[in-house]
Amino acid sequence: MSRIALLTGGSTPERDVALAGALQVVQALRGLGHEVAVVDTVTGPLAGAAEATLLATPVRRQPPTADELAALAAAENLPALVASPEMRAADLVFLLLHGLQGEGGSVQALLELGRLRYTGSPPLGSAMAMDKEVTKLLLAAAGIATAPWRMWPATPQEIARLGLPLIVKPANGGSTVGLTLVHAPQETAAAVELARSHDPAVMLETFLPGREFTVGVLGAGALAVGEIVPQHEIFDYECKYTPGMTQEIFPAPVSEELSSRMRELALATHRVLKLRDFSRVDFRLDAAGDPFVLEANTLPGMTRTSLLPQSAGAFGISFPELCAEICRLALAH
């Protein structure tokens, strides 16, 4: 069995989501006999009551406020954490972080400088997948369909070509934080300001009206296709993290042809972005029913009911088996 440092928390809007996943991954890994030390990027190594209290943090209906995030970021000292005894003694660092600071490549680069093995994609792949513009440029160059887009600022003519409704979102981020579905031109300015409050780079993207899907990737293969049916017009933060607000169907009720096509595209996206070991690729269909890649998630949610574990579960891979395989793949490098 291995000594594993589970690095979680973070100072991003998705901190609560990371902690929710950490609780269940810790339980699974300890159930498999691994020695697990939990390390919060903000408060450091945890044990006993402190660990139990932090990992019991509920996922709120709204992400943390800007003031809360600033206080968390001020308390982080990742270089010191990488040098801590709990991290240095580990055979493997299991990353359970979300958002730019956790998935954007900087943590991965620090771990590589510290010569620590870790789960998930390397710095380059992590950075490319986190940057939505870079992702789209690479996908387009590889002939993989993605929704038309423009970066802000954009002229009225460019915006008009994208059509309405229009997605306005931060170019770096996740969980739809800062994203707005714009229905009228006069709503664009406010949507851009909201997105810019989360990231200085803002993307405008054509809204695809069809069904939404997701596909997990594990090792060299694609997992099951799942369909996402939110109560809102889009799969927003509230729908993602409020029980009962989204129906997630695995395997998706689609033709074998469409399922195979999305699984092929998920693997192609994973490879084009130079991802490693596992990921989750999200899709939306256009009006004609053709699949378009929305984005790739390098550290997808890891509760038992998160989309990647459901994609694996529909393939006959239990949650503990998924956690074990993620560790095995990382230790093989």
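**A first walk through the model**

Mentor: Let's start with Thr176, which sits in the loop between S6 and S7. Keep in mind that this is a predicted model.

Trainee: Is Thr176 buried, exposed or partly exposed?
Mentor: Thr176 is partly exposed, because its relative accessibility is 23% and buried means under 20%.

Trainee: How far apart are Thr176 and Gly48 in space?
Mentor: Their C-alpha atoms are 34 Å apart. Along the sequence, 128 residues separate Thr176 and Gly48.

Trainee: You mentioned S6 and S7. What is the strand order in their sheet?
Mentor: The order is S5-S8-S6-S7. It is an open sheet of 4 strands, with antiparallel pairing.

Trainee: Which strands stand at the edges?
Mentor: Strand S5 (149–151) and strand S7 (180–182). Each has a single partner strand, so one side of each has no neighbour in the sheet. From one strand to the next, the twist averages 25°.

Trainee: How many bridges join S5 to S8?
Mentor: There are 3, and the two strands run antiparallel. Strand S8 covers residues 202–206. As one of the pairs, Met151 has Met203 in S8 as its bridge partner.

Trainee: Which strands does H11 lie across?
Mentor: H11 lies across strand S6 (166–170), S7 and S8. Against S6, it runs at about 25°.

Trainee: Where is Thr188, then?
Mentor: Thr188 is in helix H11, which spans residues 188–196.

Trainee: And is Thr188 buried or exposed?
Mentor: Buried, because its relative accessible area is 7%, and the limit for buried is under 20%. Beyond its sequence neighbours up to four places away, Thr188 touches Trp152, Ile159 and Val182.

Trainee: New topic. Which residues of the largest nonpolar core touch the most other members?
Mentor: Leu7, Val25, Val93, Phe94, Leu95, Leu111 and Met302. That core has 45 residues. Helix H15 (residues 319–331) gives the most to this core, with 7 residues.

Trainee: What is Val25 in contact with?
Mentor: Leaving aside neighbours within four places in sequence, Val25 contacts Leu6, Phe94, Leu96, Met302, Phe319 and Cys323.

Trainee: How many bridges join S1 to S4?
Mentor: There are 5, and the two strands run parallel. S1 covers residues 3–8. Phe94 in S4 is the bridge partner of Leu6.

Trainee: Now helices. At what angle do the axes of H1 and H2 cross?
Mentor: At roughly 125°, and the axes come within 8 Å. That makes H1 oblique to H2.

Trainee: Which residues meet there?
Mentor: From H1, they are Arg15, Leu19, Ala22, Leu23, Val26 and Arg30. From H2, they are Glu51, Leu54 and Leu55. By class, this contact has 6 nonpolar, no polar and 3 charged residues.

Trainee: And how do the axes of H8 and H9 cross?
Mentor: They cross at roughly 95° and come within 5 Å. H8 and H9 are therefore roughly perpendicular to each other. Met128, Ala129 and Met130 in H8 meet Lys132, Val134, Thr135 and Leu138 in H9. The residues of this contact divide into 5 nonpolar, 1 polar and 1 charged.

Trainee: Which residues of H8 are buried?
Mentor: Gly125, Ser126, Met128, Ala129 and Met130. The buried residues of H8 pack against helix H6 (100–103), helix H7 (106–113), helix H9 (132–141) and strand S13 (291–297).

Trainee: Last stop. Where is Ile249 found?
Mentor: In strand S11, residues 246–249. Ile249 is partly exposed, with a relative accessible area of 24%. Not counting residues up to four places away in sequence, Ile249 touches Val225, Gly226, Glu227 and Val229.

Terms used
Residues are numbered from 1 along each chain as its sequence is written. This is a predicted model: local features need pLDDT of at least 70, side-chain atom pairs count only at pLDDT 80 or more; totals for chains, interfaces and linings use all residues. Side-chain values use heavy atoms; hydrogens and water are left out. Buried means under 20% relative accessible area, exposed over 50%, partly exposed in between (1.4 Å probe, protein chains only). Contact means heavy atoms within 4.5 Å. A nonpolar core is a set of buried Ala, Val, Leu, Ile, Met, Phe, Trp, Tyr and Cys residues joined through side-chain atoms within 4.5 Å. Axes are lines fitted to C-alpha atoms, for helices over the stretch in contact, and angles run from 0 to 180 degrees between N-to-C directions. Angles under 35 degrees count as roughly parallel, over 145 as roughly antiparallel, 65 to 115 as roughly perpendicular and the rest as oblique. Ala, Val, Leu, Ile, Met, Phe, Trp, Tyr, Cys and Pro count as nonpolar, Asp, Glu, Lys and Arg as charged, and the others, Gly among them, as polar. Two strands pair if DSSP finds at least two bridges between them.
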